[in-house]
Amino acid sequence: LDDVKNYLNITWDDPEEDIKIMGFIARGMKYLNKVAGAELDYMEEDKPRELLFDYCRYARSNALDEFQINYQHELLSLQIEYEVKAYAQKQADNPDV
């Protein structure tokens, strides 16, 4: 929560705003996990965390319809990356298949 608030330049404490942002975070994580087809690590400074922060920025601005359009390339790259990882793991687990 603190990292997202920092990213959004929210420097004040407002419990109602915190609840709203936690909702953005939860929905964003669920959405990005669905796109990737895997549970993503949002604590590591990597693409999933970046996309989650941007998802929250768009959600806070009531512009989620624009998020998917503006980040289509990154979302597709994320999906492909995790599909390749899943395929590679499947091949490693069953080399005869």
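**Exercise 1.** Determine whether R49 is buried or exposed in this predicted model, and describe its salt-bridge partners.

*Solution.* Step 1: the relative accessible area of R49 is 7%. Step 2: a residue counts as buried under 20%, so R49 is buried. Step 3: R49 forms a salt bridge with E45, in which the closest N and O atoms are 3.1 Å apart. Step 4: E45 has a relative accessibility of 68% and therefore counts as exposed. Step 5: a network of salt bridges links D3, E45 and R49.

**Exercise 2.** State how many salt bridges the structure holds, and describe the one between K5 and D18.

*Solution.* Step 1: there are eight salt bridges in the structure. Step 2: in the bridge between K5 and D18, the closest N and O atoms lie 2.9 Å apart. Step 3: this pair links distant parts of the chain, with K5 in helix α1 and D18 in helix α2, 13 residues apart. Step 4: both K5 and D18 are buried.

**Exercise 3.** Describe where E81 and K85 lie and how their side chains meet.

*Solution.* Step 1: helix α5 contains both E81 and K85, four residues apart, which is about one turn of the helix. Step 2: their side chains form a salt bridge of 3.2 Å, N to O. Step 3: E81 is partly exposed at 34% relative accessibility, and K85 is partly exposed at 43%.

**Exercise 4.** Check the span of helix α2 against its number of residues, then describe its surroundings.

*Solution.* Step 1: α2 covers residues 15-36. Step 2: with 22 residues at 1.5 Å a residue, α2 should span 32 Å. Step 3: the end C-alpha atoms of α2 are 31 Å apart, which agrees. Step 4: at the start of α2, a side-chain oxygen of D14 comes to within 3.1 Å of the backbone nitrogen of E16. Step 5: after α2 comes G37, with a positive phi near 75 degrees. Step 6: the buried residues of α2, among them I21, F24 and L32, pack against α1 (2-7), α3 (47-60) and α5 (72-93). Step 7: M22, also in α2, is partly exposed at 44%; together with L1 and I19, M22 makes a nonpolar surface patch of about 270 Å².

**Exercise 5.** Classify D54 as buried or exposed, and identify its contacts.

*Solution.* Step 1: D54 is located in helix α3. Step 2: its relative accessibility is 4%, so D54 counts as buried. Step 3: apart from neighbours within four places in sequence, D54 is in contact with Y7, F67 and Y71. Step 4: the side chains of D54 and Y7 are joined by a polar contact of 2.3 Å.

Conventions. Residues numbered from 1 in each chain as written. Predicted model: local features only at pLDDT ≥ 70, side-chain atom pairs only at ≥ 80, totals over all residues. Heavy atoms only, no water. Patch = residues over 30% accessible without salt bridge, like charges linked within 9 Å, V, L, I, M, F, W, Y side chains within 5 Å. Areas by Shrake-Rupley, 256 points an atom, 1.4 Å probe, with all protein chains shown as cover. Salt bridge = Lys/Arg side-chain N within 4 Å of Asp/Glu carboxyl O. Helix = DSSP H or I, 4+ residues; strand = E, 2+ residues; numbered from the N terminus. Buried < 20%, exposed > 50% of the residue type's maximum accessible area, 1.4 Å probe, protein only. Expected span 1.5 Å × (residues − 1). Contact = heavy atoms within 4.5 Å. Polar contact = N/O pair within 3.5 Å; in protein donor to acceptor, adjacent residues only side chain to side chain.
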